[in-house]
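Have the sequence and the 3D view open as you read.

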Amino acid sequence: MMVRHKYIRRKYWRIARLIVAVPVLLLLVRLAWGFEANRRLANTQRSLGERGLRVHVTQFHHSPMPEADNATIPLLRGVRGMKLTTAERNAILADDPIARLPMRSLGPADTRLVATARTANTPLLQAIDKAGQCKSAAWKVEGGTPMATLAATMPELRTATNLLLALALMAQDEGNDVAALAHIRRLLIVARVLAHHPELTLNLQAWRGAIVAAQMLERLQNTLVLTPETTPLLKNLAALMLDDAPFRAGLLTALEYEAANCPLMADKYFPDFSAWWIRPLMTRSVERSMTQTIALRDTVEHSNYVAVQQMLERLMPQGNLNAMTISFAENLAPSRQMIEVPYRAMTDRHAVALLAGLQIYAHEHAGSYPKTTAELVPAILPVVPTDFFSAENKPLRFHAESTLMVWSVGRNGADDDGSSDQAGSPFGPFRWRGMDAVYGSGGPVRVR
């Protein structure tokens, strides 16, 4: 009997030791897992910091600067000074003239938009013109973050874009080319200011004005009459279209910001994964997201969209930007669209600048066009317009026989001689569905 009791005691003692050992072992595994995840994240942040990259969101908050140098301040005052009622603003946002860019004239549906544009434009235009004279868009709001303040003004900024577009359309319909060119320039100024704020670049808000300005200039060139007054304005606007510095720098900063913002994004959108027992999984995902986003940033900095697309394919072999095993990882880094749209916008601007340069050249050379784009530099354009979808960074192609046409090789990367056949690609809006992305003024220049 004593032997049996002794055996039972030993059995229960082994079970008790096992009950204690398993949690202790799991605790040790969790501590080691967490230590390794935190070590990797710290090493990644340290290595990025040694490269001069910012790894914390607070590092992106600019210090206050003189108001005369700050382009964001007058822009914000301008959009807030429109004094629109909620009904007027909602009507303008709903009645978006961008969808009617291919149309020749404003239709009856634009009546309310036109009326508001005529009455609400003065403070807005003055503010944008002042912003265009400032040296920088760096900006900090006391007591709040740029993200919070800009997010609060996004409806007004979209309204301002629509109002500027309506004014440009009205000026074109009235035959006032000088005013139309001025309003297109203001659209581009708004886009350049927004491009300095990384919170708005990857959600595509900063590219809206740039794309609209390029579309409007392309449309205007169908009817633009080159005169001693409009020719220098068009030349200056083309040079501004070719200035990629704020947009490219904004995209690089936005990707850097996105990497630094990964920890906050993870905590904000996936609080369930912040629990102590599973926190290392979140930390490891954040580290991978940061590493991959910075790799994407480096590719954007040193190459064109072809190389970026190859990098995206390596990072998202199964359709997700982050090739990870956990479902929430893909939300911690930019999507394919967030990277592709900026390259489309840059190509749009270069293409319409080339159209403008070709028309000015023909105007100055009795209707004859140049044989190559290099002939436009530096007399008309400051640089040769680039095709950002070409693997070799080749210039945009053009042809000027019966009609004037400019094209990019498009998403497939192959030169199809300006074919807009949509069999080549099912993606993208309008011209980007075609085998090549085609731009055209629709005919020869008219000289008055």
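The model is predicted, with local features needing pLDDT of at least 70 and side-chain atom pairs counting only at pLDDT 80 or more, while totals for chains, interfaces and linings use all residues. Residues are numbered from 1 along each chain as its sequence is written, and side-chain values use heavy atoms, with hydrogens and water left out.

Arg349 sits in helix H14, residues 336-364 (helices are DSSP runs of H or I with at least four residues, strands are runs of E with at least two, and both are numbered from the N terminus). Is Arg349 buried or exposed? Its relative accessible area is 0%, so Arg349 is buried (buried means under 20%, exposed over 50% and partly exposed in between, with a 1.4 Å probe and protein chains only). Leaving out residues up to four places away in sequence, Arg349 touches several residues, including Leu188, Ala210, Met241 and Phe247 (contact means heavy atoms within 4.5 Å).

Now follow the chain into the loop between H14 and strand S2 (397-400), where Pro378 lies. Val377 and Pro378 are joined by a cis peptide bond, with omega about 0°. Most peptide bonds are trans, and most residues other than glycine have a negative phi. Asn393, in the loop between H14 and S2, has a positive phi near 55°. Asn393 is partly exposed, because its relative accessible area is 43%.

Our last stop is Asp417, in the loop between strand S3 (404-408) and strand S4 (437-440). Asp417 is not a glycine, yet its phi is positive, about 60°. With a relative accessible area of 62%, Asp417 is exposed.
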